[in-house]
Amino acid sequence: MKDPARENLAKLLRQFMDDSAACSAEADVNVAERILETHPAPLPSPEMVSTIKALMIASAARRHRRIRIFRVAAAAAATVVLTVLIGRYNAPPATNRPGVSFASIIPAAVWDSDDLAADDLDLAYFTSQIRQIEAQMRAVEAEETETRCTDSVGELELELIAIETEFGKGW
Amino acid sequence: MYAGRCYGYFYRLTGDRDLSDELLSELFIKLVEKFGSYKGGAFESWLFKIASNIFHDHLRGKQRRRKLLDTHRTQVEREPDLNESRCSDEGQERLDRLQVHLGRLDADTRDLILLRFYSEMSFKEIAEHRSEPIGTALSKLHRGLKKLRELMED
């Protein structure tokens with residue numbers, strides 16, 4: 001068998017042995033390798049080679065499909081991230097957002113009514129709503145690092161305190 | 001071209017055609033998967049490094065290792081029968097004798113001899129692949145080939 005390293009075998013052996021030992025070792029190696037050459041191993045059957053070719057083609061196709069799916073998924077993820085980022089930067093300031101004023105969810109009838117029992121239930125309901133919105137705003141505050149958002153949450157909290165104080169006065 | 005050499009490498013290591021078929025399939029499928037990691041240089045060296053790793057992974061499987069040992073044991077036990085049938089098929093008998101004698105070498109030396117013979121890798125590459133000094137690889141190869149020669153000439 002052709003061996004590009006064989007030319008240097010004698011030189012290589014002499015790096016580790018004296019001349020006579022290297023000559024003897026080289027002869028041993030050459031004779032034994034000739035034995036290997038004269039006793040060729042069997043070849044794979046043509047059917048096996050065909051099967052392997054088919055397996056390689058299938059494997060290559062699977063690999064390309066995986067790469068394509070990964071690229072599409074990466075593009076979709078990038079699109080979602082960009083959309084979210086653009087939405088965040090283009091969002092109107094928090095102070096102008098609709099629904100931030102909580103006075104609108106308290107019906108005027110509650111203020112005018114003298115039925116304390118019914119009003120208590122309504123107030124409990126509105127308080128729970130306010131708490132829920134407050135929790136949502138806290139979550140938003142935790143997510144958003146921009147100062148303007150933090151400020152809007154602060155303002156909202158002040159408003160909530162003011163609303164609760166107003167309720168207290170009404171009783 | 002490569003299929004024949006890789007098959008020969010696996011067959012001489014295992015002495016089992018079915019197993020060699022299996023390892024050859026695994027090698028070429030892995031070749032497709034790992035082709036992106038081929039960084040140029042001698043393709044044969046890269047190919048045989050993968051082949052050698054596949055064979056060693058295979059050896060690590062306990063059940064398969066047991067099967068391989070059984071195969072070698074059977075081959076050694078079968079040797080007298082081969083000697084008896086020498087006249088009937090000289091070529092096949094010689095082929096099997098080599099396989100039997102290769103089976104008598106220790107697994108590490110056998111792998112070294114066959115990697116050197118089939119892969120055409122240089123000693124430097126072989127030593128690097130096996131993570132051992134070049135002098136050690138050379139010495140093991142010499143001892144192994146000398147023993148193989150003596151066994152074949154007996």
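**View 1. The helices of chain A.** Chain A of this predicted model contains six helices and zero strands, and from the N terminus on its elements follow the order α-α-α-α-α-α. Of its 171 residues, 25% count as buried, while the chain exposes about 11400 Å², with carbon and sulfur atoms supplying 62% of that area. When contacts in chain A between residues at least 6 apart in sequence are considered, 58% of them join residues at least 24 apart.

**View 2. The interface of chain A and chain B.** Here 36 residues of chain A are in contact with 36 residues of chain B, and the area buried between the two chains is about 3500 Å², of which carbon and sulfur atoms give 73%.

**View 3. Salt bridges and polar contacts between the chains.** Two salt bridges are counted between chain A and chain B. In one of them, R116(B) pairs with E33(A), and the closest N and O atoms of this salt bridge are 3.5 Å apart. Across the interface there are also five residue pairs in polar contact.

**View 4. The side of chain A that touches chain B.** Three helices of chain A, α1 (9-16), α2 (19-38) and α3 (46-90), each supply at least two residues of this side, and α2(A) gives the most to it, with eleven residues.

Notes: Residues are numbered from 1 along each chain as its sequence is written. Chains are lettered from A and ligands numbered from 1 in the order in which they are written. This is a predicted model: local features need pLDDT of at least 70, side-chain atom pairs count only at pLDDT 80 or more; totals for chains, interfaces and linings use all residues. Side-chain values use heavy atoms; hydrogens and water are left out. Contact means heavy atoms within 4.5 Å. Buried area is the accessible area (1.4 Å probe) that two parts lose on being put together, summed over both. A salt bridge is a side-chain nitrogen of Lys or Arg within 4 Å of a carboxyl oxygen of Asp or Glu. A polar contact is a pair of N or O atoms within 3.5 Å; within protein, one must be able to donate a hydrogen and the other to accept it, and residues adjacent in sequence count only if both atoms are side-chain atoms. Helices (H or I, at least four residues) and strands (E, at least two) are DSSP runs, numbered from the N terminus. Buried means under 20% relative accessible area, exposed over 50%, partly exposed in between (1.4 Å probe, protein chains only). Accessible areas come from the Shrake-Rupley method with a 1.4 Å probe; for residues, only the protein chains shown count as cover.
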